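Let's take a guided walk through a protein model together.

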Amino acid sequence: MQRWRVLWVQTSSGPEALERSVRFVHYLRWSVPVFLSLIAWLFEIWEHVFSTRYAEQRLLNFSAEVLVFGFLGPVLIFLILTLTTRFFVLWKQALLHLHELNQNLEHLVAERTCELEAKNRALEQANRELRQLDRLKSDFIALVSHELVTPLTTINGGLELLLQGRETLPPDAQQRLVFLQGEVARLTRLVGRILQVSRLEAGKLHLNCGPVALRPLLQRVVDSLVQQRPVDIVVPEHLPPLWADEVYLEEMLRNLIGNAVKYTPPGSPIHIQVHPRSSQYVDITITDHGPGIPPDKQHHLFTPFSQIVQGERRESSGWGLGLYLTRRLAELHRGRLWVESPVWDDPQGPGSRFHLEMPIAPEVEPEGDPEHASEEEAAAYAGDPAHH
Amino acid sequence: MPETLLIIDDDEALVELLESYFTGLGYRVATARNGQEGLERFRAVQPDLVLLDVTMPKMDGWTALRRLRDVSDVPVIMLTVRNEEANILRGFTLGADDYVTKPFSFAELAARVRAVLNRVRHKGQVDAGILQAGDLVVDLATRRVTRRGQLLRLTPTEFKLLVTLMEQPGRVFSPEEIVRKVWGPEYVDEVGYVRRYIWHLRKKIEPDPERPRYIHNQRGFGYYFQVSDAPDEASVTSPPPP
């Protein structure tokens with residue numbers, strides 16, 4: 001039924017079709033009552049003039065029936081048809097309007113879909129170009145770093161060779177060579193770090209995770225980085241080992257503690273605190289008494305090659321890679337790194353506190369406890385020569 | 001008679017410096033600029049050790065290493081800028097003896113050369129730099145652990161723990177002793193580390209960690225290293241053989 005209706009609306013749609021329909025209905029409105037009136041007149045004439053059935057009061061009957069069937073009846077039919085025509089025209093106009101609205105809507109939808117598709121295509125293209133640029137950047141960094149590595153080996157080797165015979169050199173030449181060796185080592189570290197970042201971004205950096213005892217590792221890092229400065233280390237007793245790549249965790253701690261040392265004035269303390277955040281994570285906080293980090297610049301801290309720059313003046317030396325690398329490594333371990341600053345009320349040294357959240361090593365399956373033996377086992381073992 | 005080194009690298013400046021450095025240390029040095037020339041020089045000088053760069057024109061280091069291994073067991077140290085694990089594994093699979101990543105210091109390279117030559121010289125004798133037990137081989141110089149030739153990835157502390165146990169096979173170490181040797185005497189109270197480390201170490205080195213073959217638990221006393229062919233059910237209840 002609906003299908004037929006749609007078909008009808010489609011075939012009889014449009015202003016011309018509506019005009020044709022209205023003309024036809026107008027024609028019917030006049031022609032039908034006139035035709036019926038004519039028939040009625042003819043019938044009454046035949047009935048009352050030529051027929052012998054109603055001989056009495058012929059004129060009266062003829063007049064009454066002609067009035068009813070030849071005049072009032074067609075007028076009533078005319079009125080009904082006029083009203084019907086009016087409704088029909090209104091209905092047809094409404095349908096036409098609806099059809100126009102539908103067409104407009106379809107047109108609008110098609111237009112918007114086209115616009116959206118064009119925008120999507122542009123976005124995809126931009127995305128492809130961005131990915132390509134990113135790949136090119138990574139390839140470029142990797143290539144440049146690789147190309148730097150070989151000359152660095154040569155320069156470093158040449159310096160080593162010269163320093164082998166240092167006794168024959170004047171003291172200032174020796175000093176300059178040692179200085180150059182230090183600079184080459186600095187450049188080597190930079191290239192190594194850039195390569196590490198490019199490997200990380202290319203997804204080629206794979207972790208070798210295992211349990212890591214945090215207290216000895218922290219102490220080792222602090223001993224190698226901090227001299228002549230109080231360091232307050234608080235680690236809870238019986239802290240379970242972390243689950244991390246030991247080499248990279250050490251690097252992360254070196255970056256964070258090294259930064260704290262760099263930014264804290266000589267003699268001011270550094271605080272390192274460890275507390276379990278839950279049964280699965282540990283929060284390592286490193287707090288310094290440095291100049292702090294303004295809130296509007298904190299989000300720049302973790303982007304590569306970013307340094308807090310004020311005008312032409314850089315706030316510190318460095319490459320702006322350490323914190324970026326540390327955060328990416330933390331994320332690779334399913335951990336987190338964030339900063340809060342200021343920490344202290346002191347306007348001269350508001351300080352910063354870095355939080356490194358790292359996972360705890362999974363609990364091991366229960367096994368015979370190597371710390372407790374039964375009496376029989378102790379007795380059996382007492383004569384064992386392998387135990388000293 | 002001085003030992004002969006063959007340096008194959010396309011970086012002329014580096015080769016010249018290495019030649020000068022190793023000549024100064026008393027070695028005879030031959031050089032080549034690519035893999036193809038390196039193979040020709042190898043046939044001519046018959047070196048005791050080859051230092052082989054990976055990225056070179058004409059013939060790269062991997063191909064040169066394959067060709068070398070077809071004709072000789074000469075020790076080879078790879079020199080490369082790529083320190084990715086896949087490359088290191090590839091080098092060892094093809095038969096390299098060691099791997100040095102650029103930029104390296106000449107002193108470090110010289111130490112590696114000495115270690116590899118020393119190992120070759122004492123082949124067949126007990127090598128002080130190698131711990132071997134069953135299929136498990138620990139190279140103390142390169143800090144490499146392999147089982148049936150497969151490289152195992154241990155963390156530095158896991159390596160130290162394994163070496164501590166392997167150096168005295170059969171001897172039972174208490175958790176306190178292990179902590180003292182691996183982390184230092186100031187951490188003897190932290191014996192809780194040991195159980196977790198041992199458990200994860202077993203997962204890396206044991207063919208079946210549920211039935212350990214190498215590291216055994218002496219309940220109530222500690223842990224010991226011993227290669228056992230039978231599954232480790234007795235180790236929990238009976239002491240190890242002397």
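## Two helices side by side in chain B

At roughly what angle do the axes of helix α2 and helix α3 of chain B cross? In this predicted model, the axes of α2(B), residues 35-45, and α3(B), residues 61-71, cross at roughly 25 degrees and come within 9 Å. An angle under 35 degrees counts as roughly parallel, and therefore α2(B) and α3(B) are roughly parallel to each other. The crossing of α2(B) past α3(B) is right-handed.

Which residues make this contact? From α2(B) come G35(B), G38(B), L39(B) and F42(B). From α3(B) come G61(B), T63(B), A64(B), R67(B) and L68(B).

Now look for the strands of chain B. Five of them form an open sheet with parallel pairing, in the order β2-β1-β3-β4-β5. Strands β2 (28-32) and β5 (98-101) of chain B each have a single partner strand, so they stand at the edges, and one side of each is left without a neighbour in the sheet. From one strand to the next, the twist averages 20 degrees.

Zoom in on one pair: β3(B), residues 49-53, and β4(B), residues 76-80, are joined in the parallel sense over four bridges. L52(B) has M78(B) in β4(B) as its bridge partner. Helix α3(B) packs on this sheet, where it touches β1 (4-8), β3 and β4 of chain B, and its direction makes about 155 degrees with that of β3(B). Helix α5(B), residues 106-121, also packs on the sheet and touches β1, β3, β4 and β5 of chain B. The direction of α5(B) makes about 180 degrees with that of β5(B).

On the α6(B) side, the contact is made by T157(B), K160(B), L161(B) and T164(B). On the α7(B) side, I178(B), K181(B) and V182(B) take part.

Chain A has eight helices and nine strands. Of its 388 residues, 21% count as buried. Among the contacts in chain A with a separation of 6 or more, 70% come from residues 24 or more positions apart.

Five strands of chain A form an open sheet in the order β2-β4-β5-β9-β8, and the pairing is mixed. Here β2 (231-234) and β8 of chain A each have a single partner strand and stand at the edges, so one side of each is left without a neighbour in the sheet. Ignoring direction, neighbouring strands of this sheet are turned by 15 degrees against each other on average. Within the sheet, β4(A), residues 270-276, and β5(A), residues 281-287, run antiparallel and are joined by six bridges. One residue pair to find there is I272(A) with its bridge partner I286(A) in β5(A).

## Buried spots in chain A

Strand β1(A), residues 209-212, pairs with β3(A) in the antiparallel sense over four bridges. G210(A) stands opposite A244(A) in β3(A). Which way do the residues of β3(A) point? L242(A) and A244(A) point one way, W243(A) and D245(A) point the other way, and all are buried.

Helix α7(A), residues 322-332, has buried residues too: L323(A), Y324(A), L325(A), T326(A), R327(A), L329(A) and A330(A). Their cover includes α4 (171-201), α6 (246-263), β8 (336-340) and β9 (353-359) of chain A. After α7(A) comes R334(A), with a positive phi near 65 degrees.

## How confident is the predictor?

For the complex, the predictor gives an ipTM of 0.75 and a pTM of 0.67. Chain B has a mean pLDDT of 84, and 90% of its residues reach 70 or more. Over residues 232-242 of chain B, however, the pLDDT is below 50, and this stretch has 25 contacts in the model beyond near neighbours in sequence. Where pLDDT is low, the predicted coordinates should not be read in detail.

Key: Residues numbered from 1 in each chain as written. Chains lettered and ligands numbered in written order. Predicted model: local features only at pLDDT ≥ 70, side-chain atom pairs only at ≥ 80, totals over all residues. pLDDT = per-residue confidence, 0-100. Contact = placed C-beta atoms within 7 Å. Buried ≥ 20, exposed ≤ 12 C-beta atoms within 10 Å, placed from the backbone. Pairing = 2+ DSSP bridges. Axes fitted to C-alpha atoms, helices over the stretch in contact; angles between N-to-C directions. Parallel < 35°, antiparallel > 145°, perpendicular 65-115°, else oblique. Left-handed = near helix turned anticlockwise from the far one by under 90°.
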